[in-house]
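Thanks for coming. I have one structure to go through, and I will keep to two places in it. Please have a look at it first.

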Amino acid sequence: MNKQDIQNIKQLLSSAKKVVIVPHKNPDGDAMGSSLGLCHYLTKLNHDVQIIAPNDYPDFLKWLPGDSDVMIYESNTEKSESLINEADIIFTLDFNALHRTGNMEAVLASSEAIKIMIDHHQQPDDYATYMYSDVSMCSTCQMVYHFLEMLDAATQINSDIATCLYTGIMTDTGSFRFRSTSSTTHRVIADLIDKGADNAQIHNNIYDTNSYARLQLLGCALNNLKIVPELRTAYISLSQKELNKFDFKKGHTEGFVNYGLSLEGIVFAVIFIEHQQEGIIKISLRSKGDFNVNEFARAHFNGGGHTNASGGRSELSLSKTIEKFIAILPSHKKDLKA
Ligand code: 5GP
Ligand code: MN
């Protein structure tokens, strides 16, 4: 984002506007944290702001300040579409292509609002009027912080904004341990704590609100964990039947894939989760080091993301999807063993 863009956006925000903020489908901590953080700031400036999430998200995010005002497109489609059609400005946060909003793609594409993208995913599409895209960033929440700095508005960050932004930085960095976590990230986090983010409480709200059923589902997932030691790969599967048995709710499988990656010597971990209702297998992929799971998901499973964290899908059955995966793996032998 250059100086002229910033100047234009400042000008744009200098009078009250109708603003819609959109996170990606199946929003995570970074998507909701960045949307709510930005929403609190723009509301302070007296804009008329509405966050519209494509679909519902996990309960462990529903304590975030401002959560109760979030509209869900899937369950409030008509109202959502009229807000989008009437909006002066649409912020799209934490995604790089409009199809990442699922069924919202068409209405967003046809809207004449000024679109502002803030995002850290690779290979962004060119749909936005103003594009703040930086793949070196650990999270969109850190980018919202820098965006406010660029607008000379860092002093406007209150405890609600700080809490939302802290949450997304924490979740997208695996609690500040992924390689994308920089010294700047820590400086931003320090400032957010100074501005009222209660780090211990936030950590508790996100990670220590497990249900017994979720831990049992984790047990099942760990039982299903398989390794391919010669290719330094681990994978987990969960069938719909297993999900039902342990009273699956949205968000319950969050983080499971990382257990594969915690195994000594493993650099590539995948989880395959059956979604009978949608008729797909949802796939999450993670890696350590140079193995690029963004490319892998794009090439084989209709997905994408980052170098070390990506997602994708398969329309084959669970067992056929895993067969396909096993068949593909050896063609990546060189990269997996490097
Ligand atoms: P997760 O495995 O947690 O769903 O997603 C990991 C990362 O990959 C996230 O940054 C997410 O935005 C991205 N991602 C997940 N699913 C997809 C997908 O279907 N397409 C693309 N392009 N990115 C995805
Ligand atoms: Mn993110």
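How far is an oxygen atom of ligand 1 from an N or O atom in the side chain of Arg-286? The distance is 2.9 Å. Keep in mind that this is a predicted model.

His-121 also reaches ligand 1 with its side chain: one of its N or O atoms is 2.8 Å from an oxygen atom of the ligand. As for cover, ligand 1 taken alone exposes 490 Å², and the protein buries 82% of that.

Now the rest of the shell. The residues around ligand 1 include Arg-100, Lys-282, Ser-284 and Ala-309, along with Gly-303, Gly-304 and Gly-305. Sorted by class, the shell has 8 polar, 3 charged and 1 nonpolar. Three strands each supply at least two of its residues: strand 10, covering 280–287, strand 11, covering 304–305, and strand 12, covering 309–314.

The other place is the second largest pocket. Rolling a probe the size of a water molecule over the atoms shows where empty space is left. This pocket has a volume of about 170 Å³.

Which helices each supply at least two residues of its lining? They are helix 12, at 293–300, and helix 14, at 333–337. Among the lining residues are Glu-295, Phe-296, Asp-335 and Leu-336, and also Arg-232, Val-267 and His-332. By class, this lining has 5 nonpolar, 5 charged and 2 polar residues.

That is what I have for today.

Notes: Residues numbered from 1 in each chain as written. Chains lettered and ligands numbered in written order. Predicted model: local features only at pLDDT ≥ 70, side-chain atom pairs only at ≥ 80, totals over all residues. Heavy atoms only, no water. Near = heavy atom within 4 Å. Polar contact = N/O pair within 3.5 Å; in protein donor to acceptor, adjacent residues only side chain to side chain. Areas by Shrake-Rupley, 256 points an atom, 1.4 Å probe, with all protein chains shown as cover. Helix = DSSP H or I, 4+ residues; strand = E, 2+ residues; numbered from the N terminus. Nonpolar A, V, L, I, M, F, W, Y, C, P; charged D, E, K, R; others polar. 1 Å grid on protein atoms, 1.4 Å probe; cavity = no way out; pocket = protein on both sides within 12 Å on 5 of 7 lines; lining within 4 Å. Points joined across faces, edges and corners; volume = space filled by probe spheres on them.
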